[in-house]
Amino acid sequence: MQTKSTPISVIDQSGKKRVIVEIQHFAQFNGLNGTSPPVPTTKEYFTVGGNPLNPINDGKFQDVLTDEILRVA
């Protein structure tokens, strides 16, 4: 499975700028006509320190371990 990581600038609850990472997973399928091009599947979000994040809505993320809310800058 292939992946692509993209940094995203966010602001924490105290106003400090931080960076999180979006990981996009891709899958390829083998069929009778050969291999398909990579198809995007799931996305995962992490802090630079490795904490998992849940996307909430409207560009907001919640740190699973600390409950801190981060919003896209």
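Tutor: We begin with pairing: two strands pair if DSSP finds at least two bridges between them. Strands are DSSP runs of E with at least two residues, and helices are runs of H or I with at least four, both numbered from the N terminus. The model is predicted, so local features need pLDDT of at least 70 and side-chain atom pairs count only at pLDDT 80 or more, whereas totals for chains, interfaces and linings use all residues. Residues are numbered from 1 along each chain as its sequence is written, and side-chain values use heavy atoms, with hydrogens and water left out.

Student: Which residue in β8 is the bridge partner of Val10?

Tutor: The partner of Val10 is Val72. Strand β1 (residues 2-11) and β8 run antiparallel and are joined by two bridges.

Student: How many bridges pair β7 with β8?

Tutor: Three bridges pair them, in the antiparallel sense. Within this pairing, Lys60 is opposite Arg71 of β8. The hairpin of β7 and β8 has five residues between the strands, and there Asp67 adopts a positive phi near 65 degrees.

Student: Is Asp58 buried or exposed?

Tutor: Burial is judged by relative accessible area: under 20% is buried, over 50% is exposed, and values in between are partly exposed (1.4 Å probe, protein chains only). Asp58 counts as exposed because its relative accessibility is 74%.

Student: Why does Phe61 count as buried?

Tutor: Phe61 is buried because its relative accessible area is 7%. This residue of strand β7 also belongs to the largest nonpolar core, whose seven residues are Ile8, Val10, Ile20, Tyr45, Leu53, Phe61 and Leu70. A nonpolar core is a set of buried Ala, Val, Leu, Ile, Met, Phe, Trp, Tyr and Cys residues joined through side-chain atoms within 4.5 Å.

Student: What does Phe61 touch, leaving aside neighbours within four places in sequence?

Tutor: Contact means heavy atoms within 4.5 Å. On that basis, the contacts of Phe61 beyond four places in sequence include Ile20, Tyr45, Leu53, Leu70 and Val72. By contrast, the C-alpha atoms of Phe61 and Pro40, which are 21 residues apart along the chain, are separated by 21 Å.

Student: Where does Asp63 lie, and which side chain of opposite charge is nearest to Asp63?

Tutor: Asp63 lies in strand β7. A salt bridge is a side-chain nitrogen of Lys or Arg within 4 Å of a carboxyl oxygen of Asp or Glu; Lys and Arg count as positive, Asp and Glu as negative, while His and the chain ends are not counted. Asp63 is buried without a salt bridge, and the nearest oppositely charged side chain, that of Arg18, is 5.0 Å away.
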